[in-house]
Every structure is written in structure tokens, then in C-alpha cells.
Amino acid sequence: MEASLPSLSPVPARERRDAVLDRLFRGGARAAALLVLLALLGAALSMAWGGRLAFETFGWSFLWTQEWDVPASRFGALVPVFGTLVSAGIALLIAVPVSLGIAVFLTEVAPAWLRGPVSAAIELLAGIPSIIYGMWGLFVLAPVLGEHVYPWINDKLGPMPLLGPLFAGPPLGIGLLTAGLVLAVMIIPFISSVMREVFMTVPGRLKESAYALGSTPWEVVWDVVLPYTRSAVIGGVFLGLGRALGETMAVTFVIGNAYALSASLLEPGTSIASSIANEFGEAVDPLHKSTLLALGFLLFVLTFIVLAVAKLMLLRLQRRDGQ
């Protein structure tokens, strides 16, 4: 008796099922990506449409006018935009070196028993709501700065020729510098976590080879770890900058919410997000409400430009490295 051959009929059925599931998977992934793009575009268009009255009324002068007079219905975006950029810039100047030090310590210096608790503490800081940071900045940090730090800065740095205008002013404890400090504390956990994760992706053989050639830990970090992870580190830094630009409640507590343009970092100011949070609920005049929506659209454009610049920098680095 001849042995019967196994039936091949289930194979086409399985192929058809796999093809259907594959099409469903591709369609679902494509729909999710398109949904994100549509939501992003819808948010931008809704804010632009809501702010059309302000753009039609003030034109391009809206961008460089610093007057903000609600009773007279005269508004300008210069002071909020200035405060947003300055506070985020201060936060980045402080957060990037500190985050780099934390990431290097956790990956290259810290003993194994200490890495877990420190990493958990950093992740815990990242999960604290922003309003808690704002309350801490207002009730704890601002009094300390106003009583002990800012008077010394005003006395020592205020009379200097070039840096003097930046640090001369009344030691109120709240202002652009305080907002930048609070933002720095907020974004340090995010940037340091990204840096730590990408530093851990460096192959151990590269670092061991550098140590075998007589390199010091600093030389290994500077010549091996950072070049290998440069693109990811820059991306993490710009993600932290994007968060700092859009932060609302923490900045609202400590920035002072004053529509005054001053070179001093100790003076109160305002930001786009804090202006919207403070005034949107009380905006009765249609022009006032439209101006706040126009500020939201400017914040959207500003954040988009920052992230686009980061992407272009990453592409240039990859092209230069031949990737």
C-alpha cells in the first residue's frame, strides 16, 4: 500500500488568513499615524482660526508690540514670547550640564548598589505634577532666593559692565530667573533619563578598549560615549526644551506675571502659557480671547520650529557620520 501524502489544503487558508491580518495591521498602524497628524493639524488650525481676529486687527505688529492693555483692547505678543524664550533658555543652560553629570555618574562612576535608588529617584521626580513644582518654587525657593541669593547677585554682579543689566534689580524672589530654575528642576529628570538610557547602549568593548589604551574615565566619556550617542543626546535635550517652552502652572506661580520687558532676569515677567492660564477664564472681550488663542498658535509654531531644528541637526549629524 502506498503511503498517503499529507494534505496541503490548510496552507493556502493560513496564507489567506495571514494576508488579511497583515493588511489589518498595516491599516491600523497607518490609521494611528494619520490620527496623530490630523489631531496635530486640527489643534493648529483651531488656534489659528480662533486667533484670526487678533491677527486681522494687529497684523504683523502683534509679534513685536510689547503693550498689553486689556481695557483699551491693545495687545502685543513680544513680552510673553520673550519670557517664554528666556525662561526656557535659562532652564536649558542649567539642566543640560546637570543631566549630563547625572547620566555619566549612573553609567560610569556609581557603584551597582547605588544606581537603582538614584535612577528610581529621578523617575519619581519626572512623575511629580507641575503644580507641585510651582508651589515649591513659590513657597520655598522664591523666599530663599529673595532673602539670601538675589541680594548678593544684585550687589556683586549688578555693577559689572556687561553682565550687570542681567542681574540688577529688586530681590523679589520671583521673576524670569526663578522661573528658569524651576523649569530646570522639572526637565532634568527627562533629559538625564534619556541620556542614561542612550549611554547604556554604548558597547562595552568600545569603552574597555579605550581603558586598555590608557584613557581616563573622562576621556572615555568625551571621546567614546558622547560621539557614539550624540544624535540621541541632542534629541533628548530638544525634547526637554520643548517641555520647558510649553510648561504652564509651574511658571505661572513664580514668573511674576508682569507685562514688562526688562533686561534684568530678576524682574517679573510673563510667558505665553502663563498668560493664557491667567486670563483665558476672564476674557470677555472677543478680541482679548482671540489674542490669547493667537498666543497659543504662536507657542505651537515656536515649539514646532524648535523640534524641526532638532530634527535637521540630527539629519545633518547622521549624514556627516555616513549613516
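Is Ser 87 buried or exposed, and what is its relative accessible area? In this predicted model, Ser 87 is buried, with a relative accessible area of 2%.

## Ser 87 and its surroundings

Ser 87 belongs to helix H3, a helix that spans residues 78–109. When neighbours within four places in sequence are set aside, the contacts of Ser 87 are Leu 176, Ala 179, Gly 180 and Leu 183. The C-alpha atom of Ser 87 lies 9.3 Å from that of Val 182, although 95 residues separate the two in sequence.

## Packing of H3 and H7

Two packed helices are described by the angle between their axes and the distance between the axes. For H3 and H7, the axes come within 6 Å and cross at roughly 40°. The crossing of H3 past H7 is right-handed. The residues in the contact of H3 with H7 comprise 26 nonpolar, 6 polar and 1 charged.

## Packing of H4 and H7

Helix H7 (residues 176–199) also packs with helix H4 (residues 112–126): their axes come within 9 Å and cross at roughly 140°. H4 and H7 are therefore oblique to each other, and H4 passes H7 in a left-handed crossing.

On the H4 side, the contact involves Ser 119, Ile 122, Glu 123, Leu 125 and Ala 126. These residues meet Pro 189, Phe 190, Ser 192, Ser 193 and Arg 196 in H7. By class, the contact of H4 with H7 has 5 nonpolar, 3 polar and 2 charged residues.

## Aromatic pairs and cluster

Across the whole structure, 7 aromatic pairs are found. In one of them, the ring centres of Phe 58 and Phe 62 are 6.1 Å apart and the ring planes are at 20°, so the pair is stacked. Phe 58 counts as buried at 16% relative accessibility, and Phe 62 is buried with a relative accessible area of 1%.

Phe 58 also pairs with Phe 75: the ring centres are 6.3 Å apart and the planes stand at 85°, so this pair is edge-to-face. Because Phe 58 lies in helix H2 (residues 52–58) and Phe 75 in strand E2 (residues 74–75), the pair ties together parts that are 17 residues apart in sequence. Both Phe 58 and Phe 75 are buried. One aromatic cluster is formed by Phe 55, Phe 58, Phe 62, Trp 68, Phe 75, Tyr 259 and Phe 297.

## His 288 in H13

His 288 is placed in helix H13 (residues 286–320) and is buried, with a relative accessible area of 5%. Which residues does His 288 contact, leaving aside neighbours within four places in sequence? The contacts of His 288 are Trp 68, Val 70, Phe 75, Glu 279 and Ala 283. Among them, Trp 68 and Phe 75 are members of the aromatic cluster.

## Phe 238 in H10

Helix H10 (residues 230–246) contains Phe 238. Phe 238 is buried, with a relative accessible area of 16%. Not counting residues up to four places away in sequence, Phe 238 touches Val 306, Leu 307, Ala 310 and Met 313. The C-alpha atoms of Phe 238 and Leu 63 are separated by 24 Å, and the two residues are 175 residues apart along the chain.

Definitions and conventions:
Residues numbered from 1 in each chain as written. Predicted model: local features only at pLDDT ≥ 70, side-chain atom pairs only at ≥ 80, totals over all residues. Heavy atoms only, no water. Axes fitted to C-alpha atoms, helices over the stretch in contact; angles between N-to-C directions. Helix = DSSP H or I, 4+ residues; strand = E, 2+ residues; numbered from the N terminus. Parallel < 35°, antiparallel > 145°, perpendicular 65-115°, else oblique. Left-handed = near helix turned anticlockwise from the far one by under 90°. Contact = heavy atoms within 4.5 Å. Nonpolar A, V, L, I, M, F, W, Y, C, P; charged D, E, K, R; others polar. Phe/Tyr/Trp six-rings, centres within 6.5 Å; stacked < 30°, edge-to-face > 60°. Buried < 20%, exposed > 50% of the residue type's maximum accessible area, 1.4 Å probe, protein only.
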